Amino acid sequence: MITAKARAVDGPDQAFRSAEINRRDLDTTDVLIEIKFAGICHSDIHTAHGEWGPVNYPLVPGHEIAGIVTEVGSGVTKYKVGDRVGVGCMVDSCGECENCIKGEEQYCLKGNIPTYAGVDKYGEPTQGGYSTHIVVTEDFVVRIPDNIELDAAAPLLCAGITTYSPLHHWGAGPGKKVAVVGMGGLGHMAVKIAHAMGAEVTVLSQSLSKKQDGLQFGADHYYATSDPETFEKLAGSLDLIINTVSASIDINAYFSLLKLDGTLVNVGAPPEPLPVNAFSLIGHRRSFAGSMIGGIRETQEMLDFCAEHDIVPSIEVISADQIDEAYKRVLASDVKYRFVIDTSTI
Ligand SMILES: [Zn+2]
Ligand SMILES: [Zn+2]
């Protein structure tokens with residue numbers, strides 16, 4: 001057993017505390033990663049607070065992990081000691097089902113094994129990246145390109161792939177009008193990536209308070225959704241909308257912005273059902289879709305794309321003692337645009 005230092009939470013209303021956790025001894029295909037940085041994702045907060053169902057505490061969140069390989073199992077072929085690597089939202093899947101064979105492990109028919117709050121194939125609870133070390137089978141490890149710093153790489157492992165995958169799948173590129181709803185951790189990545197793909201990018205944010213940032217990230221247009229004129233002006237004009245907001249919004253108003261055959265993709269997960277008026281879809285053959293992270297192959301492709309286009313998240317690096325405060329600030333939308341924990345402070 002390998003002992004790692006971590007920051008854990010013991011219940012929905014508890015503060016983070018120092019903890020020691022066990023990582024399994026390396027199996028033949030496992031790599032041991034010394035974690036250098038871990039991003040704070042909104043999902044961490046939902047899970048830590050027990051908002052997405054019962055949680056087995058103590059919980060160590062974190063699924064935006066960047067670090068260095070420090071040991072490899074005897075059968076590992078892809079990585080060696082010293083490699084710069086990342087781990088995202090999942091650490092294993094069945095590997096045999098139709099979706100896994102296609103490289104869409106996130107949609108494994110038996111359920112992928114999440115990086116934290118899951119149970120691994122040995123029956124042990126998985127614990128995430130707010131920690132100094134993690135052991136992961138090499139097939140769920142990705143390589144971080146040399147020109148991306150490890151602190152900036154961390155948020156790409158969830159926020160990056162969550163936005164890259166639907167943009168890629170629904171063909172964001174030259175001649176396509178893409179809107180991003182919400183300018184948080186996910187939204188700011190969606191803007192940078194969609195712009196690099198060559199799309200014409202519009203941000204739809206509650207207010208214009210982050211407009212300067214949005215334009216600097218590559219947005220061509222920036223509108224406040226609190227202004228009813230926005231919906232009149234943009235009616236029927238967009239090919240693709242990526243909705244990163246996990247609060248309930250008037251989704252039908254956003255459908256009305258899509259042109260013929262346009263698609264609105266939800267990547268945020270509101271806790272309550274969204275009422276859909278069928279008329280807002282059938283009138284212009286519009287689609288309402290969802291998308292969840294991306295497969296391992298696509299995650300590597302996203303990292304290489306970001307390296308090639310010099311795209312990195314805008315981050316604020318914090319120490320482990322600041323996690324509770326960072327959670328509060330994320331909930332207050334007071335983050336530009338992703339918190340990343342320096343795990344050497346754990
Ligand atoms: Zn996440
Ligand atoms: Zn599978």
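In what follows, donors are N, O and S atoms within 2.8 Å of the metal. The structure is a predicted model, and two of its features are described here.

**The zinc site**

Four cysteines coordinate the zinc ion (ligand 2) through their SG atoms: Cys94, Cys97, Cys100 and Cys108, at 2.3 to 2.4 Å. Along the sequence, these donor residues follow the spacing C-x2-C-x2-C-x7-C. The angles subtended by the four donor atoms around the zinc ion (ligand 2) run from 103 to 118°. Four donors count as tetrahedral if all angles lie between 85 and 135 degrees, and the arrangement around the zinc ion (ligand 2) is therefore tetrahedral. Of the coordinating residues, Cys100 and Cys108 are both buried.

**The parallel sheet**

An open sheet is built from six strands with parallel pairing, in the order S12-S11-S10-S13-S14-S15. At its edges are S12 and S15, each of which pairs on one side only. Neighbouring strands of this sheet are turned against each other by 20° on average, direction ignored. Strands of a sheet pair through backbone hydrogen bonds. Within this sheet, S10 and S11 pair in the parallel sense over five bridges, and Val178 stands opposite Val201 in S11.

| Strand | Residues |
|---|---|
| S10 | 177-181 |
| S11 | 200-205 |
| S12 | 221-224 |
| S13 | 238-243 |
| S14 | 258-266 |
| S15 | 287-290 |

Helix H4, formed by residues 159-169, lies across S10, S13 and S14. The helix runs at about 160° to S13.

How values were computed
Residues numbered from 1 in each chain as written. Chains lettered and ligands numbered in written order. Predicted model: local features only at pLDDT ≥ 70, side-chain atom pairs only at ≥ 80, totals over all residues. Heavy atoms only, no water. Pairing = 2+ DSSP bridges. Helix = DSSP H or I, 4+ residues; strand = E, 2+ residues; numbered from the N terminus. Axes fitted to C-alpha atoms, helices over the stretch in contact; angles between N-to-C directions. Contact = heavy atoms within 4.5 Å. Donors = N, O, S within 2.8 Å, 3.2 Å for Na, K, Ca; no water. Tetrahedral: all angles 85-135°; square planar, octahedral: opposite > 155°, others 65-115°. Buried < 20%, exposed > 50% of the residue type's maximum accessible area, 1.4 Å probe, protein only.
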